[in-house]
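Q: I should like to go through this structure with you, one topic at a time. Shall we begin once it is on the screen?

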Amino acid sequence: MLQPKKTKYKKKQKGRIRGNSTKGVFLSRGAYGIKAMESAWVTSRQLESARIAATRYMKREGKLWINVFPDKPITKKPQEVRMGKGKGPVEFWVSVIKPGRILFEVDGVSMTIAREALRLASQKLPIKMKFIFLNDFIIK
């Protein structure tokens with residue numbers, strides 16, 4: 001699973017997800033992609049299961065890029081522990097996703113294969129996704 005090798009600080013504050021994404025909103029590598037329509041935290045496990053679903057359908061043809069990286073540590077305290085005594089240990093890593101962010105890109109396969117592979121990948125993620133392709137940006 002994805003996680004940073006090294007971080008400056010062990011734990012981060014929770015923060016709030018506001019506004020739309022300003023970076024990663026255009027296809028940069030592939031001809032097809034999936035774009036987030038809502039905001040959420042996507043865990044490294046969810047990203048990995050989405051990647052596996054897409055590559056299995058494509059039968060390792062073409063190329064798949066993951067455009068997000070889970071670099072935010074999420075901490076949890078054990079159940080039935082009293083208040084206080086500090087912040088809990090890091091449980092998992094998430095990537096903060098805002099609307100408009102492209103999560104996966106695909107190239108080297110036909111549009112029908114790419115659409116189905118990215119649909120299977122988007123089913124593994126906790127947010128609504130939209131299939132996009134390179135011609136979307138040429139028309140506008």
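Q: In which strand does Lys 35 lie?
A: This is a predicted model. Lys 35 lies in strand E1, which covers residues 32-36.

Q: Is Lys 35 buried or exposed?
A: Lys 35 counts as buried, because its relative accessibility is 17% and the cut-off for buried is under 20%.

Q: And which residues does Lys 35 touch?
A: Leaving aside residues up to four places away in sequence, Lys 35 touches Val 25, Gly 100, Arg 101, Ile 102, Lys 128, Met 129, Lys 130 and Ile 132.

Q: Turning to pockets, what volume does the largest pocket have?
A: The volume of the largest pocket is about 310 Å³. Its lining consists of 13 residues, and those closest to the centre are Lys 23, Ser 95, Val 96, Lys 98 and Arg 101.

Q: How many residues of each class line the largest pocket?
A: Six are charged, four are polar and three are nonpolar.

Q: Now the strands. How do E2 and E5 run, and how many bridges join them?
A: E2 and E5 run antiparallel and are joined by four bridges. In this pairing, Ala 40 stands opposite Ile 97 in E5.

Q: What about E4 and E5: in which sense do they pair?
A: Strand E4, residues 72-75, pairs with E5 in the antiparallel sense, over four bridges. Here Lys 72 stands opposite Val 94 in E5.

Q: On to helix H1. What span should it have, and how far apart are its end C-alpha atoms?
A: Helix H1 comprises 15 residues, 44-58, and at 1.5 Å a residue it should span 21 Å.

Q: Which residues of H1 are buried?
A: The buried residues of H1 are Ser 44, Leu 47, Ala 50, Ala 53, Ala 54 and Met 58.

Q: What do the buried residues of H1 pack against?
A: They pack against strands E2 (40-43), E3 (63-66), E5 (90-97) and E6 (102-107), and against helix H2 (111-123).

Q: Are Lys 59 and Arg 60 buried or exposed?
A: Lys 59 counts as exposed at 66% relative accessibility. Arg 60 is exposed as well, with a relative accessible area of 78%.

Terms used:
Residues are numbered from 1 along each chain as its sequence is written. This is a predicted model: local features need pLDDT of at least 70, side-chain atom pairs count only at pLDDT 80 or more; totals for chains, interfaces and linings use all residues. Side-chain values use heavy atoms; hydrogens and water are left out. On a 1 Å grid over the protein atoms alone, a cavity is a set of points where a 1.4 Å probe fits but cannot get out, and a pocket is an open set with protein on both sides within 12 Å along at least five of seven lines; lining residues have an atom within 4 Å of a point. Grid points are joined across faces, edges and corners, and a volume is the space filled by probe spheres set on the points. Ala, Val, Leu, Ile, Met, Phe, Trp, Tyr, Cys and Pro count as nonpolar, Asp, Glu, Lys and Arg as charged, and the others, Gly among them, as polar. Helices (H or I, at least four residues) and strands (E, at least two) are DSSP runs, numbered from the N terminus. The expected span of a helix is 1.5 Å times one less than its number of residues. Buried means under 20% relative accessible area, exposed over 50%, partly exposed in between (1.4 Å probe, protein chains only). Contact means heavy atoms within 4.5 Å. Two strands pair if DSSP finds at least two bridges between them.
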